[in-house]
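Here is a friendly tour of one protein model, with a look at its strands and its aromatic rings. Have the structure open as you read.

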Amino acid sequence: QVQLVESGGGLVQAGGSLRLSCAASGLTFSSNPMGWFRQAPGKEREFAAAISWGGTRASYADSVRGRFTISRDNAKNTVYLQMNSLKPEDTAVYYCAVRRYRSGERYYTPATLGEYDYWGQGTQVTVSS
C-alpha cells in the first residue's frame, strides 16, 4: 500500500522560506517520478514542480520557477520542496504525488494531475502579507 505523508507547512511572512517534505512508503521510490501540486481556496489543484527518478531532471510551473526547488533523497524515500521568497499568492494546501513505475521514464517529469497515481493528504502553507 502506497503512502505519502507531507510535512513542513505552516505560517510564514511574505519573503520568507519553508521546506516541505514528503515521505513515501510502499513502493520502490527510486523508480518513480514525484511531483508537488497546490490548491488555493476556491481554485483547482495546480502543478508546482516535478522531479525525475534520480533527481537529474526537474520541471516547474512558471509561477514558482526561480523561487522553489524540488529535490529528492532516494535513500530516505523523501522528496522535498524548498520554497523561498514566498508570496501571499503561494498560500495553498500543498500535495505531493507519485507516478507508478513505467519503463522508459527515467527522465520524465510529469506536470498534470492525471499522470500521477497516488497522493498525500496535503500540508497547509499560509503566507501573510
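Strands β7 (residues 68-73) and β8 (residues 78-83) pair in the antiparallel sense over six bridges. Here strands are DSSP runs of E, at least two residues long, numbered from the N terminus, and two strands pair if DSSP finds at least two bridges between them.

β7 has a covered face with F68, I70 and R72, while T69, S71 and D73 make up the uncovered one.

## How the model is read

This is a predicted model, in which local features need pLDDT of at least 70 and side-chain atom pairs pLDDT 80 or more, while totals for chains, interfaces and linings use all residues. Residues are numbered from 1 along each chain as its sequence is written, and side-chain values use heavy atoms, without hydrogens and water.

## Aromatic pairs

Rings of Phe, Tyr and Trp (its six-membered ring) pair if their centres lie within 6.5 Å; planes under 30 degrees apart count as stacked, over 60 as edge-to-face and the rest as tilted. By this rule there are five aromatic pairs. The F37 and F47 rings have centres 5.6 Å apart and planes at 70°, so this pair is edge-to-face. F37 lies in strand β4 (residues 34-39) and F47 in strand β5 (residues 46-51), so the pair ties together parts 10 residues apart in sequence.

Both F37 and F47 are buried, meaning under 20% relative accessible area (1.4 Å probe, protein chains only). Ring pairs link F37, F47, Y116 and W119 into a cluster.

How values were computed:
Helices (H or I, at least four residues) and strands (E, at least two) are DSSP runs, numbered from the N terminus. Buried means under 20% relative accessible area, exposed over 50%, partly exposed in between (1.4 Å probe, protein chains only).
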